[in-house]
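Student: Could you go through this protein with me, one question at a time?
Tutor: Gladly! Take a look at it first.
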Amino acid sequence: MLELENLSVAIDRQTIVKDASLNIATGKIGCLLGPSGSGKSTLLRCIAGFHRAASGRVYLENKLIESPHERVAVEERRIGVMFQDYALFPHLTVRENIGFGIHTMPLENYRVRLKQMLDLTELGVYADYYPNELSGGQQQRVALARALAPLPKLLLLDEPFSNIDSQLKLQLVQEIRELLVDMNITTLMVSHDQSESLAMSDSLGLMLEGRILQWSNTYDFYHRPVSRQVATFIGMGTMLRGTVTEQRTIKTALGELAPPPNTELPQNKEVDVLIRPDDIIHDDDSDFQATIEKKEFRGAQFLYLLHLRNGDRVQCFAPSHHNHSVGEKIGIRIDMEHVVCFPVA
């Protein structure tokens, strides 16, 4: 289990990570999502022991490994790190790269572990290849196998898919997730890519300007964002203005919506309702019409930007055989299981 308690990290007197808290259960995968420069990689490097904590604590399997006054040496933390550029040794073969961190093991144990890593990552036939003879996906597997070879208590992944083309990326995300789950390796990944973060992780957080704004399971992160910042960052959300009625429903241009039970909303006040493309259903039989302002072909789907009668705009996914023209009116209806709203300032 990994646990961070109000961790702050400063570099050259500038605080990069501010009061960060999160926890990942043993064998689970967590992902920290955020734009470049938000402090994600600095946080990883502090957990690994490469930066010191200015305040707060880091626990691994209930043992304190990092604080301003007490810390475990880097080599004693049993943490594997896979860097964004993979950091493979160009003069070493695949076999030698993977075995680099376990060369002090007894020879027989070394051979068994090395074969296990080559088999797990399906790199056996490339064991005597050099990094420059491998594809990007194969290089990634070498870096992962090298990080896993010492059987770490924790694996840290720094933007592991950033150098992989989009077609291969989705396949590798699933393969690596299955491998880590099978090995029961606790993992923390940082990324700026929403799709790979959602596909890879059990728990997910958003980091902006050094602060973790939300940390929760992946489902709640998407469907129950705790703030407007989180809501608009993930999932192509737009805000639809509404008014709270006497019956505590929310009246919008798309009809009345029922907020979650026990939601405190001031009567007759305006709120913004989070609407995502999957909340809007294209329905030819609907009496509610919207005008297509933009369209984007995505293979199996179109993404439509729709202009409502009151001037609001929402997005809608529709099967690609529903090929409508810009300027055309189409029928839509709203279908929301999770109504998320925020007061208008």
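Student: How many salt bridges are counted between domain 1 and domain 2?
Tutor: This is a predicted model, where local features need pLDDT of at least 70, side-chain atom pairs count only at pLDDT 80 or more, and totals for chains, interfaces and linings use all residues. Residues are numbered from 1 along each chain as its sequence is written, and side-chain values use heavy atoms, with hydrogens and water left out. A salt bridge needs a side-chain nitrogen of Lys or Arg within 4 Å of a carboxyl oxygen of Asp or Glu. Between domain 1 and domain 2, the count is one.

Student: Which residue does the side chain of R228 meet in a salt bridge?
Tutor: The N to O distance in this salt bridge is 2.8 Å. The partner of R228 is D272.

Student: What area do domain 1 and domain 2 bury between them?
Tutor: The domain assignment, automatic or from a database, gives domain 1 as 2-230 and domain 2 as 237-343. Buried area is the accessible area (1.4 Å probe) that two parts lose on being put together, summed over both. Here 47% of it is on carbon and sulfur atoms, and the total is about 770 Å².

Student: Is E337 buried or exposed?
Tutor: Buried means under 20% relative accessible area, exposed over 50%, and partly exposed in between (1.4 Å probe, protein chains only). Because its relative accessible area is 74%, E337 is exposed.
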